Amino acid sequence: MSLAMQTKINLSEMSADRAQPQRSAVTPPIRLTRSERMRLGTIGLIGFIGIWSLLSLTGLVPRQFLPAPHEVLIRFIELLGTPFAGATLVEHLASSFMRFAYGFLLAAMIGIPLGLLMGWYRWLDDVITPIFDMLRFIAPIAWVPFAALWFGTGIGGPIMIIFAGAFPPCLINAYRGARFVNRNVIEAAQMLGTSNLRIVTEVLLPASIPSIVAGLRVSAGLAWQSLIGAELIVASAGVGFMMVQAQAGVATATVMTCMLAIGLVGLLIDVALRQIETAIRRRHGQS
Amino acid sequence: MASIEFSSVGKVFNRAGIDFVTLDGVDLSVAEKEFVAIVGPSGCGKTTCLRMAAGFEFPTLGTVKVNYRDVTAPGPDRAVVFQQFALFPWKTVAQNIELGLRNKGVPKVERQERVKNAIALMSLQGYESAYPHQLSGGMQQRVAIARAYVLEPEVLLMDEPFGALDAQTRVSMQEELVRLARVNPRTVLFITHAVEEAVYLADRVAIMTKRPGRIKEIIDIKSVRLAEKWDEHERIEDVMDLESFVHLRTHIWRSLREEKGSQVH
């Protein structure tokens, strides 16, 4: 076999097997090992912090507006114990997290059953979909004035805003999960005399679990983001509230501490849900 | 007494605005406790016949009756065994078999007893709490058959049930089904494209024409089987060696080949 022919064959096999490094103009980028990727990630992070330090420490940007990384870190540790705007950072975070949990759970508890039912009952789909399609394009932050008027700025208003952010992915993923259940399995349930309600709970629900859990992850991310947005305007406690107070006093290090905390908690929520997702997929034998 | 009755059944499917006549005047009746196999070229509409008896699809013309009643919906009086098994992947073997009984409202103690019997009947002991994906294809189809048998349905509908199995598993399942039919005879409508399988299992074999499908010919197997004492042979290869078997098989093959021949454009 000539070399040219071998190359041709390799090219055709390439799309199926990308793990094999290939040398050609159309070769996809070489796959990196886990440790190589970790190294690149670390380089990126060090570069980011380096540029940030440089800008701040050399005075290119006034320290007042851009504190150095170590100053933010010190402030972060300080605020864990020292109250600011009436509570410590941990207390503010706890207060935010509770709101998040209520809004998120409420969205899941309504969105998932409704989505599954819409996936089974065509008439319900026809009734709900037009309303839903209209409402879901109103950004969670746009619900703020309405939510404040109806439910106040204490606990009700923010929960409603979180709900507005968290609800669509819950509903959409449960609905899509239910609609794409293998027809064979549904027919098997029908020939066994399974009632409609039982088909929803014992066939559509378990078959949609991977899709639902993926939706919950998206939903949690959106809920956490909308929550902080809501807290900037309403609420008298929480990380968002804390940030607004800090901004008023031009305490940039505190503002950035809050941002850091928001990012970290969001990441933790996502990691936790990803763990659950992986565990469920494994139990289903689908991954 | 007819248990399943197709009278002048026509079926038209509409795909992307074009009508396809799938069935054109199917007449077939299956008597109580009779085992009828339908064979035919692929795409002739044999599976559509079964799906209409199951209540998943409905005739465009004519009627499909099971026990003198028009079929209007799927139900546990007509248990189906699918080619792709269609087990519930999130339920254990026992839970899969139990669902139909729960739907019927059978009390728990009786349910457990009947599930246990069905598991023993299909030699599934020890796998009660296994999940379908942990079982081989043959085992999965045993579960599907147990799930159907446990309901003691008036009619069993089997849609190429062994089509997805490897050759050896297939043979053992065929032998098992014959044993089952002796222990616990049911009215069976069996779809297959394997001629030998049809001759080995069925009391009568209905041959369909190419699309639009009609019943071309019905071959009586049972009288030959009784006259030639097939049942004295325990194993399928011994039966398949008998002259009477070979004769019937060849006859059906020729009949099907004519259909395939006339399909060439």
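This is a predicted model: local features need pLDDT of at least 70, side-chain atom pairs count only at pLDDT 80 or more; totals for chains, interfaces and linings use all residues.
**View 1. Val250(A), an exposed loop residue of chain A with a positive phi.** Val250(A) belongs to the loop that lies between helix H10 (239–248) and helix H11 (252–284) of chain A. Its phi is positive, about 45°, although Val250(A) is not a glycine. Because 10 other C-beta atoms lie within 10 Å of Val250(A), this residue is exposed.

**View 2. Chain B as a whole.** Chain B contains nine helices and 10 strands. The C-alpha trace of chain B spans about 55 × 50 × 35 Å along its principal axes. A compact globule of 265 residues would have a radius of gyration near 18 Å, and the 19 Å of chain B agrees with this. Of the 265 residues of chain B, 42% count as buried. Among the contacts in chain B between residues at least 6 apart in sequence, 71% join residues at least 24 apart. The domain assignment divides chain B into domain 1 (1–71 + 177–265) and domain 2 (78–152). Between the C-alpha centres of domain 1 and domain 2 of chain B there are 26 Å.

**View 3. Strand E7 of chain B and the strands that pair with it.** Strand E7 (residues 155–159) of chain B is mostly covered, and five of its five residues are buried. In a regular strand, side chains alternate between the two faces of the sheet. Val155(B), Leu157(B) and Asp159(B) lie on one side of E7(B), with Leu156(B) and Met158(B) on the other, and all are buried, so that both faces are covered. Strand E6 (residues 78–81) of chain B pairs with E7(B) in the parallel sense over four bridges. In this pairing, Val80(B) stands opposite Leu157(B). E7(B) also runs parallel to strand E8 (residues 187–191) of chain B, to which five bridges join it.

**View 4. Glu160(B), in the loop between E7 and H5 of chain B.** Glu160(B) is a residue other than glycine with a positive phi, near 40°. Glu160(B) has 19 other C-beta atoms within 10 Å and is therefore partly exposed. A residue needs 20 or more such neighbours to count as buried.

**View 5. Helix H1 of chain B, largely enclosed by the rest of the structure.** Helix H1 (residues 46–54) of chain B has nine residues, and because eight of them are buried, the helix is largely enclosed. The buried residues of H1(B) include the charged residues Lys46(B) and Arg51(B). Thr48(B), Cys49(B), Leu50(B), Met52(B), Ala53(B) and Ala54(B) are buried in H1(B) as well. Gly55(B), which follows H1(B), has a positive phi near 95°.

**View 6. The side of chain B that touches chain A.** Here 20 residues of chain B are in contact with 14 residues of chain A. E6 and helix H2 (93–104) of chain B are the elements that give two or more residues to this side of chain B. The largest share, four residues, comes from H2(B). By class, this side of chain B has 13 nonpolar, five polar and two charged residues.

View 7. Pro212(B) is found in the loop between strand E9 (204–208) and strand E10 (215–220) of chain B.

**View 8. Lys229(B), an exposed loop residue of chain B.** Lys229(B) is placed in the loop between helix H7 (222–227) and helix H8 (236–241) of chain B. Lys229(B) counts as exposed because it has 10 C-beta neighbours inside 10 Å. From C-alpha to C-alpha, Lys229(B) and Ile215(B) are 28 Å apart in space, with a separation of 14 residues in sequence.

Conventions
Residues are numbered from 1 along each chain as its sequence is written. Chains are lettered from A and ligands numbered from 1 in the order in which they are written. A residue is buried if 20 or more other C-beta atoms lie within 10 Å of its own, exposed if 12 or fewer, and partly exposed in between; C-beta atoms are placed from the backbone. Two strands pair if DSSP finds at least two bridges between them. Two residues are in contact if their C-beta atoms, placed from the backbone, lie within 7 Å. The radius of gyration is taken over C-alpha atoms; the globule rule is 2.2 Å times the number of residues to the power 0.38. Domain bounds come from an automatic or database domain assignment.
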